[in-house]
Number of protein chains: 2
Amino acid sequence: MLSNACKYAIRAMIYLAAGADNHLKVNIKELAAAVDSPLPFTAKIMQSLSKLGFVSSSKGPSGGFFLNTAQLETKLLDIVMAIDGPKELNGCGLGLANCNEQHPCPLHQEYKTIRERFKILLHENTIHSLAQSMKQGNSVLKNML
Amino acid sequence: MLSNACKYAIRAMIYLAAGADNHLKVNIKELAAAVDSPLPFTAKIMQSLSKLGFVSSSKGPSGGFFLNTAQLETKLLDIVMAIDGPKELNGCGLGLANCNEQHPCPLHQEYKTIRERFKILLHENTIHSLAQSMKQGNSVLKNML
DNA sequence: CAAAATTAAGATATTTTTATCCGTTATTAA
DNA sequence: TTAATAACGGATAAAAATATCTTAATTTTG
């Protein structure tokens, strides 16, 4: 559904959000460990997120990544659009470049319904709201034994 | 959602199904053109489908690919499972290897609902049923201008 | 001010997916 | 029986995604 890059990005941002109340900065080593993602790849992704304005960062000792108040309210949809692009969320289920109401593929209507539900899910869930669920111990961001 | 290989496979099989009443054999050139897919890659995919028993084939002049009665009733789910594997359909929305009810990711419940709907769609639609929709002129398998 | 810590940037490597090419084998039909 | 046709099989290539490495730039702190 989503690319690895996108999944790592979302997991990382949720982790940052969980510490955001206390203005905690998290360095890349801790971050990658906390969400079970490959460190160097995650570092690259965090760089992108930083450039895109989805996360904040500061260099030097006691530096790291963090989220400001506005960034906390980022919707999953924004992240997915930025990393995986609109094709993933708007594309035809059978891969036709110009599948539409006029010329639908055989799966068009049914697939569209599901795709739209997924988009709603991504639109309604923010990094902040998901971090709440995690902080309350209702969910996790890394693999448990 | 699905790989290109899987999308091409489904489009090709629906096209074959549309001619199956008349026991038409379709050669790879016509097939690739009919569903707007790259010929050599599609040829490879048809080879796989043939090995897997999803399509029939015969060599030589007037040979080609075709579907027998049983193959007409192939569910999309079977094709997706064979080509993309179960991970695509059962995996965690945020990529956790062992996300489950005991240790759910923050998206688990909502994502699962959508994933299950998609699986139902793939389970309920057969190559045959989709070919009907196409033969009745209600849908298409290639890009229209 | 110097050393250490940490992100940023750019280059490189690996893997997977997608795609192509070529020679072989089987089958048909003239 | 031979020439043409078409799938089959294996090797190769190109592109994209994933992942790593190395060096630079910045900031903090002793």
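Student: Which elements each supply at least two residues of the surface near DNA strand C?
Tutor: This is a predicted model, so keep that in mind. From chain A come helix 3 (39-52), strand 1 (56-58) and strand 2 (64-66).

Student: How do you know which residues surround DNA strand C?
Tutor: The test is a heavy atom within 4 Å of the strand. 28 residues surround DNA strand C. A:N27, A:K44, A:Q47, A:S57 and B:P61 are the closest.

Student: How much of what comes within 4 Å of the protein is sugar and phosphate?
Tutor: Sugar and phosphate make up 64% of the atoms of DNA strand C in that range.

Student: Why is the pair between A:K44 and a base oxygen called a polar contact?
Tutor: The cut-off for a pair of N or O atoms is 3.5 Å. A polar side-chain atom of A:K44 is 2.8 Å from a base oxygen of DNA strand C. The value is within the cut-off, so the pair counts as a polar contact.

Student: Why is B:T69 called exposed?
Tutor: Exposed means over 50% relative accessible area. B:T69 has 65% relative accessibility, so B:T69 counts as exposed.

Student: Where does B:T69 sit in chain B?
Tutor: B:T69 belongs to helix 4 (residues 69-72) of chain B.

Student: How many helices and strands does chain A have?
Tutor: Chain A has eight helices and two strands. Along the sequence, the pattern runs α-α-α-β-β-α-α-α-α-α.

Student: What share of chain A counts as buried?
Tutor: Buried requires under 20% relative accessible area. Of the 145 residues of chain A, 49% count as buried.

Student: How many positive and negative side chains does chain A have?
Tutor: Chain A has 15 positive and 11 negative side chains. The centres of the two sets are 8 Å apart.

Definitions and conventions: Residues are numbered from 1 along each chain as its sequence is written. Chains are lettered from A and ligands numbered from 1 in the order in which they are written. This is a predicted model: local features need pLDDT of at least 70, side-chain atom pairs count only at pLDDT 80 or more; totals for chains, interfaces and linings use all residues. Side-chain values use heavy atoms; hydrogens and water are left out. Helices (H or I, at least four residues) and strands (E, at least two) are DSSP runs, numbered from the N terminus. Buried means under 20% relative accessible area, exposed over 50%, partly exposed in between (1.4 Å probe, protein chains only). Lys and Arg count as positive and Asp and Glu as negative; His and the chain ends are not counted. The place of a charge is taken as NZ of Lys, CZ of Arg, CG of Asp or CD of Glu. A polar contact is a pair of N or O atoms within 3.5 Å; within protein, one must be able to donate a hydrogen and the other to accept it, and residues adjacent in sequence count only if both atoms are side-chain atoms.
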